[in-house]
Amino acid sequence: MLAVLKAIENSILEISKLISSSGDFSYSDNKNSSGDQQLKLDLESDKIIEQNLRKLTIVQGIASEEREDIIYFENDKAEYLVAYDPLDGSSLIDVNLSVGSIFGIYKYSFSGRNLMASVYAVYGPRVEMVVADSTARLYRLIQGEFKFVRELKLNKQGKINATGGTQKDWSENHKNLINKLFQNGYRLRYSGGMVPDLHHILLKGGGLFSYPATHEQPKGKLRLLFEIMPFALVFKVANGGAIDKNGKFILDLKTEHLHDTSSVFFGSNNEISLVKEYYGIK
Ligand code: AFP
């Protein structure tokens, strides 16, 4: 596992250099499985990660948000499978907002129950990395090296409300939930990049991030294996919660396809209880 974490750390260092040195934020001619137009940077970041993980005999294969299928390496008996989103929020890169990379390290199969560890990186004014297994640990890039900063723990309640999806398509439940949060004094913080938006809540100690199901997107937008499940582990070990619109813990959800999506709510405990109340979940 340590070797996998090291390969991920090296990939993050290379991607952060690529982002800060590249002047080319243009789109390629390709679309990914979710129908998003791919930036050249998405594809280059994807290649960096593949090259680093391919060197390891303990990795059986990889699944990238930028590719249709799992790529198996020639290590049939190897323990680990890695699912990743090489550059999440990349549509924000041309306006110089923060973007991120997300990794889930699974054992033998891509299922929430088999998620052993997750890592994410935020490329912002600074580069930060969070590694989660039985705890969630924050590292900061200082003079070319990641230095441990602190463990992440959420308070019972926070003040931030970050919600996505097209507002005109929100359900009545979701509208009422969001109104209640604002009535209770929550402040809106939403950049449109899942990684910095969740990092914000985790570092400030609480709040709610939601990407609901809507009529247009009944299964939400965010992808389970590459985006939501890795963060579900982070929120769990940081004393928070991660549920879908039926109140199911995200890591208990089954995926039928690699690119399956789900509605999702990440937050501290009081906010997760409020979601359950407003969505009528017993
Ligand atoms: P991009 O990678 O296409 O920029 O999408 C980012 C993202 O998957 C996630 O990071 C955001 O939380 C979410 O989409 C934002 O979606 P909306 O623009 O619909 O709010």
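Good morning. I begin with K6, which is partly exposed, with a relative accessible area of 44%. The structure shown above is a predicted model. K6 forms a salt bridge with E9, and their closest N and O atoms are 3.3 Å apart. The two residues are three apart in helix 1, residues 2–21, so about one helical turn separates them. E9, at 18% relative accessibility, counts as buried.

A second pair lies in helix 2, residues 40–54: E50 and R54 are four residues apart there, about one turn of the helix. Their closest N and O atoms are 2.8 Å apart in a salt bridge. Here E50 counts as buried, at 13% relative accessibility, while R54 is partly exposed, at 44%.

In the whole structure, the search finds 15 salt bridges.

I turn now to the ligand. Which domains give residues to the shell around it? Domain 1 (2–151) and domain 2 (160–278) both do, so the ligand lies between them. Of the 14 residues around the ligand, D88, S91, Y190, M194 and Y211 come nearest. Oxygen atoms of the ligand lie 2.6 Å from an N or O atom in the side chain of Y211, and 2.8 Å from a polar side-chain atom of K221. The protein buries 79% of the 480 Å² that the ligand exposes when taken alone. Thank you.

Definitions and conventions: Residues numbered from 1 in each chain as written. Predicted model: local features only at pLDDT ≥ 70, side-chain atom pairs only at ≥ 80, totals over all residues. Heavy atoms only, no water. Near = heavy atom within 4 Å. Polar contact = N/O pair within 3.5 Å; in protein donor to acceptor, adjacent residues only side chain to side chain. Areas by Shrake-Rupley, 256 points an atom, 1.4 Å probe, with all protein chains shown as cover. Domains from an automatic or database assignment. Salt bridge = Lys/Arg side-chain N within 4 Å of Asp/Glu carboxyl O. Buried < 20%, exposed > 50% of the residue type's maximum accessible area, 1.4 Å probe, protein only.
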